Amino acid sequence: MNCGVVGRCIRPTDEELENFGTPDFTIYNAGQFPCNRYTHYMTSSTSIDLNLARKEMVILGTQYAGEMKKGLFSVMHYLMPKRQILSLHSGCNMGIDGDVALFFGLSGTGKTTLSTDHNRYLIGDDEHCWSDYGVSNIEGGCYAKCIDLSREKEPDIWNAIKFGTVLENVVFDEHIREVEYGDKSVTENTRAAYPIEYIPNAKLPCIGPHPKNVILLACDAFGVLPPVSKLNLAQTMYHFISGYTALVAGTEDGIKEPTATFSACFGAAFIMLHPTKYAAMLAEKMQKHGATGWLVNTGWSGGSYGSGNRIKLAYTRKIIDAIHSGSLLNATYEKTDVFGLEIPTEIEGVPSEILRPENTWGDKKAYKSTLLKLGGLFKNNFETFTNYKIGKDTKLTQEILAAGPNF
Ligand SMILES: Nc1ncnc2c1ncn2[C@@H]1O[C@H](COP(=O)(O)OP(=O)(O)O)[C@@H](O)[C@H]1O
Ligand SMILES: C=C(OP(=O)(O)O)C(=O)O
């Protein structure tokens with residue numbers, strides 16, 4: 001992505017600008033002007049139209065800066081697989097030993113927060129490609145949510161908000177120009193767009209070797225998924241194709257209560273081919289490069305949204321640390337009912353009782369029925385995909401099906 005959209009795209013050097021020639025793609029952003037919602041297939045006065053042949057995108061009726069980057073992300077989901085490159089809706093970072101981790105997840109599940117890690121190099125927070133040479137960021141900056149942002153919990157993002165960063169939808173005092181990060185009066189989806197080099201340990205250029213860990217993030221507002229589970233390849237494919245999260249108030253307009261969302265490949269809005277095409281590419285790359293899959297619940301524990309609490313970010317960070325260090329791979333595991341997930345019995349710095357969700361619920365009956373409810377939602381959702389084969393391999397398709405909830 002090589003243009004200058006609020007610091008998030010890869011900016012050309014002065015030399016490249018000299019010989020810029022014609023752009024690869026042109027965005028016409030008339031965000032203040034609504035589209036005609038009475039046109040066929042229109043459901044609102046907002047539209048983002050792509051013409052792949054003309055290499056043009058037209059944005060109407062929305063001034064949300066996210067539309068530009070996500071529109072181009074859709075283009076990449078078309079162009080990249082044609083070159084055997086997998087486009088990924090994931091954050092990405094790298095340890096000092098060169099171990100790369102991907103963080104897949106829908107909006108608000110923690111891609112930006114968890115890939116921005118003081119002890120690791122940031123490759124990017126949201127959009128990447130995985131080719132035969134390793135991973136690379138599509139963007140040149142980040143787009144962090146900053147609702148309730150605090151210096152203590154997210155110091156790197158806090159410090160990246162300085163001159164040159166664009167704050168979107170935040171409320172601030174006009175006189176002293178101080179931002180009130182807790183203020184949701186415009187929207188909960190407040191953002192900070194900053195160039196990646198505002199993160200001190202950014203990996204420049206934003207490329208890295210083949211991933212060692214593939215972390216699937218779900219913010220489970222039902223509170224029944226374990227804080228972390230180790231996945232085999234078939235389970236990784238199953239959860240990748242399912243693309244589950246339970247949204248709470250935030251990015252999507254009108255969502256105030258938690259609802260289960262299934263978004264294939266953690267990006268149904270952006271994919272252009274059938275989900276199993278991307279899943280097969282992911283499986284092949286993970287197998288070839290020996291990557292391990294993980295499912296991390298950054299959502300609720302001790303009950304559903306309303307009665308339980310969101311898992312502390314500090315605990316999620318400890319879980320992620322144990323994945324990166326390799327220590328979690330060697331932990332002792334036990335298997336859960338229904339989802340058949342392998343969960344560790346101990347992780348340093350995390351209270352052991354929270355690792356098994358059942359332990360944290362006071363009402364065990366409510367836990368069981370909520371677990372079965374979620375399992376049922378997964379099953380229903382997956383029916384859409386059962387007729388599609390993963391590549392030519394029917395065995396893999398069967399394995400993926402068997403890797404889902406079983407009850
Ligand atoms: N346990 C947790 N893990 C990750 N994020 C959490 C957790 N608890 C609260 N959060 C908050 O959830 C939000 C995650 O948003 P973000 O990282 O921007 O998601 P994404 O990049 O996937 O859209 C942040 O505001 C973060 O502070
Ligand atoms: C820009 C977006 O991505 P994310 O919320 O994952 O940062 C969005 O979905 O609006």
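Helix α5 (residues 233–242) and helix α10 (residues 394–402) pack with their axes 8 Å apart and at an angle of about 75 degrees. Here axes are lines fitted to C-alpha atoms, for helices over the stretch in contact, and angles run from 0 to 180 degrees between N-to-C directions. Helices (H or I, at least four residues) and strands (E, at least two) are DSSP runs, numbered from the N terminus. The structure is a predicted model, in which local features need pLDDT of at least 70, side-chain atom pairs count only at pLDDT 80 or more, and totals for chains, interfaces and linings use all residues. Residues are numbered from 1 along each chain as its sequence is written, while chains are lettered from A and ligands numbered from 1 in the order in which they are written.

**Helix packing**

The helices α5 and α10 are therefore roughly perpendicular to each other; angles under 35 degrees count as roughly parallel, over 145 as roughly antiparallel, 65 to 115 as roughly perpendicular and the rest as oblique. On the α5 side the contact comprises A234, M237 and Y238, which meet E399, I400 and A402 of α10. Two residues are in contact if their C-beta atoms, placed from the backbone, lie within 7 Å. The contact of α5 with α10 divides into 5 nonpolar residues, no polar and 1 charged. In this classification Ala, Val, Leu, Ile, Met, Phe, Trp, Tyr, Cys and Pro count as nonpolar, Asp, Glu, Lys and Arg as charged, and the others, Gly among them, as polar.

Helix α5 also packs against helix α6 (residues 275–289): their axes come within 10 Å and cross at roughly 150 degrees. This crossing of α5 and α6 is right-handed; a crossing is left-handed if the near helix is turned anticlockwise from the far one by less than a right angle, and right-handed if clockwise. Helix α5 contributes L233, T236, M237, F240 and I241, and α6 contributes P275, T276, A279, L282, A283, M286 and Q287. The residues of this contact are 9 nonpolar, 3 polar and no charged.

**Surroundings of ligand 1**

Ligand 1 is surrounded by 17 residues, of which the closest are G110, K111, T112, T113 and T298. A residue is near a molecule or strand if its C-beta atom, placed from the backbone, lies within 6 Å of it. The elements giving two or more residues to this shell are α3 (111–115), β10 (141–145) and α7 (313–325); α3 gives the most, with 4 residues. By class, the shell divides into 4 nonpolar, 9 polar and 4 charged residues.

**Sheets**

Two open sheets are set out below; two strands pair if DSSP finds at least two bridges between them.

| β1-β3-β2 | 3 strands | mixed | 10 degrees |

Strand β11 is joined to the antiparallel strand β14 (residues 191–195) by 3 bridges, and L167 has A192 of β14 as its bridge partner.

In the sheet β1-β3-β2, the edge strands are β1 (26–30) and β2 (47–51), each pairing on one side only. Strand β2 pairs with strand β3 (residues 56–60) in the antiparallel sense over 5 bridges, and I48 stands opposite I59 in β3. Helix α2 (residues 66–82) lies across β1, β2 and β3 and runs at about 35 degrees to β2.

**Backbone exceptions**

Most residues other than glycine have a negative phi, and most peptide bonds are trans. L204 and P205 are joined by a cis peptide bond with omega of about -10 degrees; P205 lies in the loop between β14 and β15 (207–208). D148, which is not a glycine, has a positive phi of about 60 degrees and is located in the loop between β10 and α4 (155–160).
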